[in-house]
Amino acid sequence: MTFSIVARSDDGESWGVAVASKFLAVGSAVPAAAAGVGAIATQADANIAYKYLGLAHLDEGATAQVALDRLVEEDDGREHRQAGIVDSDGNAATWTGSECFAWAGGTTGRSGERGGYAIQGNILTGPEVVEAMERAWLTSGEQSLERRLLAALAAGDEAGGDSRGRQSAGLLVVREGAGYGGHDDVAVDLRVDDHEAPVTELARLVDLNELYLTASTPEEQVPIDDTLMFELETLAKADGKESFHMWVGSENYEMRVGEGARPAWIDQRILDIIRGTSPEQQS
């Protein structure tokens, strides 16, 4: 029902899963990951317990292959299962049971000294889906893990993907302290549960996640002086809000405010959106 990629970044700091399927809310069922431990995808006639048991095996020191072997050996329905797993060291393993619907299969490999990946799918248009995903993964090494996973997923989708069609997609990436405010390890956790073009929609959400929830670089920061604040207040009131701060909250925009002598600032990309001058709004 699904095609997925499970991977560790080449720098050894991130783990993640990207998945798509002609199945409602596939992102709720397939992926699981824990920073410093590993990541896993369970699919086909998915055994959801694989997620928690697999991560537990990894946390106890098992390699990806040993953890997957344990999951399969203890499961009477193993021939109907498919899974991919990567461990804390970037070792990867994949399993496709003999009763998975065709085309079904997978591959594993290394990308750099510390990175590793497992790609797998079932009910696919053919092996070209997995092959395209692997090529996309291996040629995108300069990008972040979330972007590499998304690129691989998009390549598989373009190569044919699920032979039944498209419905949902999901992306999960973890790395230590990467969550909102640094209070957990979830860098990206996005799902498209029911959409005619789920991978394309997932890419749009990844862009928004990066815009709103990741730290701006110094080059992207625009100080809010009196002139700019007057403009922002005017735009906010024209939209029916009491103040710019109220507008920011209602529109999901982020404005960072400095402490002490440091001025408030806003990300130039968000400022362009507020002004209606961003490239996306011009197209």
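Ile123 lies in the loop between β8 and α3 of this predicted model; helices (H or I, at least four residues) and strands (E, at least two) are DSSP runs, numbered from the N terminus. Ile123 has a positive phi of about 55° although it is not a glycine, and with a relative accessible area of 14% it is buried (under 20% relative accessible area; exposed is over 50% and partly exposed in between, with a 1.4 Å probe and protein chains only). Ala44, in strand β4, also has a positive phi, near 60°, and counts as buried at 15% relative accessibility. The peptide bond from Ala102 to Trp103 is cis, with omega near -10°; Trp103 is placed in the loop between β6 (92–96) and β7. Most residues other than glycine have a negative phi, and most peptide bonds are trans.

Residues are numbered from 1 along each chain as its sequence is written. Local features need pLDDT of at least 70 and side-chain atom pairs count only at pLDDT 80 or more, while totals for chains, interfaces and linings use all residues, and side-chain values use heavy atoms, with hydrogens and water left out.

An open sheet of six strands has the order β7-β8-β1-β2-β9-β10, with antiparallel pairing (two strands pair if DSSP finds at least two bridges between them). β7 (105–111) and β10 stand at the edges with a single partner strand each, so one side of each is left without a neighbour in the sheet. On average, neighbouring strands of this sheet are turned by 5° against each other, direction ignored; axes are lines fitted to C-alpha atoms, for helices over the stretch in contact, and angles run from 0 to 180 degrees between N-to-C directions. Eight bridges link β2 and β9 in the antiparallel sense, and the partner of Ser14 in β9 is Arg175. Helix α4 packs on the sheet, touching β1, β2, β7, β9 and β10, and its direction makes about 25° with that of β2 (contact means heavy atoms within 4.5 Å). Helix α5 lies across β2, β9 and β10 and runs at about 145° to β10.

The largest nonpolar core has 28 residues, and those with the most contacts inside it are Ile5, Trp137, Leu149, Leu153, Leu171 and Leu202. Such a core is a set of buried Ala, Val, Leu, Ile, Met, Phe, Trp, Tyr and Cys residues joined through side-chain atoms within 4.5 Å. The largest share, five residues, comes from α4. Leaving aside neighbours within four places in sequence, Leu149 is in contact with residues including Ile5, Ala7, Val17, Trp137 and Leu171. Apart from this core lies another, of 17 residues, among them Val222, Leu232, Trp247 and Val248.

Thr2, in strand β1, is buried with a relative accessible area of 0%. The side chains of Thr2 and Ser21 are joined by a polar contact of 3.4 Å, that is, a pair of N or O atoms within 3.5 Å; within protein, one must be able to donate a hydrogen and the other to accept it, and residues adjacent in sequence count only if both atoms are side-chain atoms. Ser9, in the loop between β1 (2–8) and β2 (14–21), counts as buried at 7% relative accessibility.

Strands β3 (residues 31–34) and β4 (residues 38–44) pair in the antiparallel sense over four bridges. They form a hairpin with three residues between them, and Gly36 in the turn has a positive phi of about 80°.
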